[in-house]
Protein chains: 2
Amino acid sequence: MSVKRIDHIAIVVSNLDEATTLYRDVLGLPVAHTEHIAEQEVIVACLPAGDSEIELLQPVNETSGVARYLAKNGPGIHHICLEVEDIEQSLTDLKAAGMQLINEQPTTGAGGKRVAFVHPKSAHGVLIELYEAAR
Amino acid sequence: MSVKRIDHIAIVVSNLDEATTLYRDVLGLPVAHTEHIAEQEVIVACLPAGDSEIELLQPVNETSGVARYLAKNGPGIHHICLEVEDIEQSLTDLKAAGMQLINEQPTTGAGGKRVAFVHPKSAHGVLIELYEAAR
């Protein structure tokens, strides 16, 4: 498989406005986009930095996966997303290497992207999202 | 202050060989560089991905800061490093915004880089390293 770049780093926070103040007003990154992702029950702010983005996530309720992560671990880096050339081939290669996949097939993420998650247990504690750009 | 890009994502692992096997042989990223950083008591493998890098860190003893982090938290993402235009100005701006700094002045990191860390307590749980490229 072939990783092209780090698409984004996702940071879960309890207060998106405060986190945006830090990353936009103090660190000076632009906010390119904000979105309510209904299926993940989060609001997101995307701040491009070089050819990657910082994504700030705030859960919108207390029951979503991200909300439970926040309650258990506190705010911090939630996952990294790697852009790959071919997501189906990548999932096949990861499975052949014995990696535990959260999504055996690509699912639809923010903005209609095709994504899949690899379980942190088989990736040295890192939740890895794979993303293939639209062809 | 002005952030130019994400320089690297640092992942602390207990076994650098196994982690390198995942990121190089399975994910397909090249290993550009490995280094023993004596002052941080770690060995590091740097794998470029787009205009950023994945840095895999393994502590070389059980007493370093990274080793204690690993013992407490398990393997996972340790910090993100942002390249800034002017590190002194960035530290001044962060301090003026009430951010807690680990390094009030730049210190010397891997490869002689000028770096400084911001405390995760004031950055929504994220340990942020700032880095200024040699001028």
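**View 1. The order of elements in chain A.** From the N terminus on, chain A runs β-α-β-β-β-α-β-α-β-β-β, with three helices and eight strands in total. Helices (H or I, at least four residues) and strands (E, at least two) are DSSP runs, numbered from the N terminus. This is a predicted model, where local features need pLDDT of at least 70 and side-chain atom pairs count only at pLDDT 80 or more, while totals for chains, interfaces and linings use all residues. Residues are numbered from 1 along each chain as its sequence is written, and chains are lettered from A in the order in which they are written.

**View 2. The outline of chain A.** Its C-alpha trace spans about 45 × 30 × 25 Å along the principal axes. Buried residues, meaning those under 20% relative accessible area (1.4 Å probe, protein chains only), make up 50% of the 135 residues in chain A.

**View 3. Two copies around an axis.**

**View 4. Who lines the largest pocket.** Here, α2(B) gives the most to the lining, with six residues. Among the 49 lining residues, the closest to the pocket centre are A:I77, B:Y69, B:G76, B:I77 and B:H78. A pocket is an open set of points on a 1 Å grid over the protein atoms alone where a 1.4 Å probe fits, with protein on both sides within 12 Å along at least five of seven lines; lining residues have an atom within 4 Å of a point.

Conventions:
Heavy atoms only, no water.
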